[in-house]
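Visitor: I'd like to learn how to read a few features of this model. Could you walk me through them?

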Amino acid sequence: MPDLSFMLRLTAALLGSGLIAFLATPLVKSLAYKVGAIDVPKDNRRMHKEPIPRLGGLAIFIAFLFSTIVFGNIDRTTQGILLGAIMIVVLGVMDDIMTLNALPKFLVQIAAAGVAVYHGCTIQFLSNPNVFSDISYLDLGWLSIPVTIIWIVAITNAVNFIDGLDGLAVGVSAISTASLLIIALMVGELSIAIILAALLGSCLGFIPYNKNPAKIFMGDTGATFLGFILATLSVQGLFKLYAIISFAVPFLVLGIPIFDICFAFLRRVAKGQNPMHADRGHVHHRLIDMGFNQKQAVAISYMLTAILGLAAVLLTSSGELRALILIGSVIIVGAIGVRIIFKKPHHPEPPKTETEDQNHEEV
């Protein structure tokens, strides 16, 4: 069990990052106006009516970085993760200001993932998904490098893809982070737990400004940063514990972003489109088209994320009902997902509240 001094550090990391994010966001908002980082609604994917400043992710990053440096243990792998995160944030700031093309963004994301991998953030082992096999885990060998890079880049973009409604991406990220934090504490990954606490606090400090109706958007700065950090911390805190953590746990914790990016990829390929081509077919768009308002659509996404996160936490603990819990949660969320996908939209009246969708180039 963690001792009292650790719990004090954990609490300080959580509260400190939350306070910094809350205080820094108005300053970042003023900066966004000065540098022209404004989201102007110009297509039917954007549902807000008035220009809204983006770049809010910078406040999240500043709070996270400060709290991590002050309260965390910065080893070589953590250094690599932070260096990669800085690359992602610089890229996001540039994109929020001047709108970059998809290819250079994709290449920088690969480079940032490579930096983290070079410093030791790799998926070296996986628990064997074949429950009937006598082999408890799989050693990826040289495949660990490409597999890890693919994982990091995919989750980075998956979180960016769901950033389409006020408070959606930051709230889903906060719930996923809370699930990871609980799991890290359960399995004794205390260093990772401090960093996760800093990330959770940063998200919570930003939410008051981003909830509907949003006063500021995260922009690609925030969405890609959150995706990158969640991807790398899941590698450090989950995949490395191959003897304890089930193969399914990281996919449960990040289930909503993973489902959305997979569905988007398959949908676009089936239509003969570029997989990176932006469209209005994401899960949150479909919820709106089904007649839910902005707050209801976000609440549904929160609920599904919480269900999957709870399943991941329970699956991590020992017990005879682990497989039943996993199957039940996947069936419930899967059934809801299928209904969302195949439900015929009735195209309600355009919402009167301002919402967010700053994914101008979905990479």
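**Rings, helices and contacts**

Guide: Let's start with rings: Phe-61, Phe-64 and Phe-225 form one aromatic cluster. Before going on, note that this is a predicted model, where local features need pLDDT of at least 70, side-chain atom pairs count only at pLDDT 80 or more, and totals for chains, interfaces and linings use all residues. Residues are numbered from 1 along each chain as its sequence is written, and side-chain values use heavy atoms, with hydrogens and water left out.

Visitor: Fine. How many aromatic pairs are there by the rule you use?

Guide: The rule first: rings of Phe, Tyr and Trp (its six-membered ring) pair if their centres lie within 6.5 Å; planes under 30 degrees apart are stacked, over 60 edge-to-face, and the rest tilted. Here the count comes to four. Phe-22 and Tyr-209 make a tilted pair, 5.2 Å centre to centre with 40° between the planes. Phe-22 belongs to helix H1 (residues 4-35) and Tyr-209 to helix H7 (residues 190-210), so this pair ties together parts 187 residues apart in sequence. Helices, by the way, are DSSP runs of H or I with at least four residues, strands are runs of E with at least two, and both are numbered from the N terminus.

Visitor: Which charged end sits over a ring?

Guide: For that we ask that NZ of Lys or CZ of Arg is within 6 Å of the ring centre and within 35 degrees of the ring normal. Arg-76 has its charged end over the ring of Tyr-118, 5.2 Å from the centre.

Visitor: Now helix packing. At what angle do H6 and H12 pack?

Guide: Two packed helices are described by the angle between their axes and the distance between the axes. The axes are lines fitted to C-alpha atoms over the stretch in contact, and angles run from 0 to 180 degrees between N-to-C directions. Helix H6 (residues 168-187) and helix H12 (residues 294-316) pack at about 10°, axes 9 Å apart. Angles under 35 degrees count as roughly parallel, over 145 as roughly antiparallel, 65 to 115 as roughly perpendicular and the rest as oblique, so H6 and H12 are roughly parallel.

Visitor: What does Ala-312 touch?

Guide: Contact means heavy atoms within 4.5 Å. Leaving out residues up to four places away in sequence, Ala-312 touches Ile-183, Val-249, Leu-252 and Val-253. Ala-312 is found in helix H12 and is buried, with a relative accessible area of 0%. Its C-alpha lies 9.9 Å from that of Ile-182, 130 residues away along the chain.

Note on methods. Buried < 20%, exposed > 50% of the residue type's maximum accessible area, 1.4 Å probe, protein only.
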